[in-house]
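Biologist: I have a chain on my screen and some labels I would like to understand. Could you take me through them?

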Amino acid sequence: MAILRLKEIMALKGMSRDELASRVDVSTTTISNISSEKNLPTIQLLLKIAEVLEVDVRELFIPTRGTSITQLEVDEAKALITKGLGILSGNI
């Protein structure tokens with residue numbers, strides 16, 4: 001199951017891997033690996049990507065049409081995001 005909607009959102013925004021990579025200051029290979037889910041981004045990079053794509057970070061995790069997702073997967077994703085945001089804000 002796909003975790004991130006990065007490819008889909010990039011297509012909707014008309015943004016290439018090269019452009020996104022340049023704007024978030026990483027290599028095109030990094031963006032390629034993230035979009036193909038060979039690697040997952042750090043929370044900080046994920047927040048930068050969301051900012052550049054002008055979407056709420058949670059939109060990167062919303063399943064696409066036709067994708068089945070369990071409540072457990074939703075809960076796990078929410079817990080990871082909450083924990084990451086807590087770490088970034090110094091609350092954890």
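Modeller: Gladly! A nonpolar core is a set of buried Ala, Val, Leu, Ile, Met, Phe, Trp, Tyr and Cys residues joined through side-chain atoms within 4.5 Å. Bear in mind that this is a predicted model.

Biologist: Thanks. Which residues have the most contacts inside the largest nonpolar core?

Modeller: That core has 19 residues, and those with the most contacts inside it are Leu6, Leu20, Val24, Ile31, Ile49, Leu53 and Leu60. Helix 1 (6-13), helix 2, helix 3 and helix 4 each supply at least two of its residues. Helix 4 gives the most, with five.

Biologist: What does Ile31 touch, leaving out residues up to four places away in sequence?

Modeller: Its partners are Leu6, Met10, Arg17, Leu20, Ala21, Val24, Val26 and Ile49. As a general point, nonpolar side chains in soluble globular proteins tend to be buried together.

Biologist: Now to the loops. Why is Asp25 called exposed?

Modeller: The label needs a relative accessible area over 50%. Asp25 has 68%, so Asp25 is exposed. You will find Asp25 in the loop between helix 2 (17-24) and helix 3 (28-35).

Biologist: And why is Glu37 called partly exposed?

Modeller: Buried means under 20% and exposed means over 50%, with partly exposed in between. Glu37 has a relative accessible area of 25%, so Glu37 is partly exposed. Glu37 lies in the loop between helix 3 and helix 4 (43-52).

Biologist: What is phi in Asp25 and in Glu37?

Modeller: Phi is near 65 degrees in Asp25, a positive value in a residue other than glycine. For Glu37, phi is near 60 degrees, again a positive value in a non-glycine residue.

Key: Residues are numbered from 1 along each chain as its sequence is written. This is a predicted model: local features need pLDDT of at least 70, side-chain atom pairs count only at pLDDT 80 or more; totals for chains, interfaces and linings use all residues. Side-chain values use heavy atoms; hydrogens and water are left out. Helices (H or I, at least four residues) and strands (E, at least two) are DSSP runs, numbered from the N terminus. Buried means under 20% relative accessible area, exposed over 50%, partly exposed in between (1.4 Å probe, protein chains only). Contact means heavy atoms within 4.5 Å.
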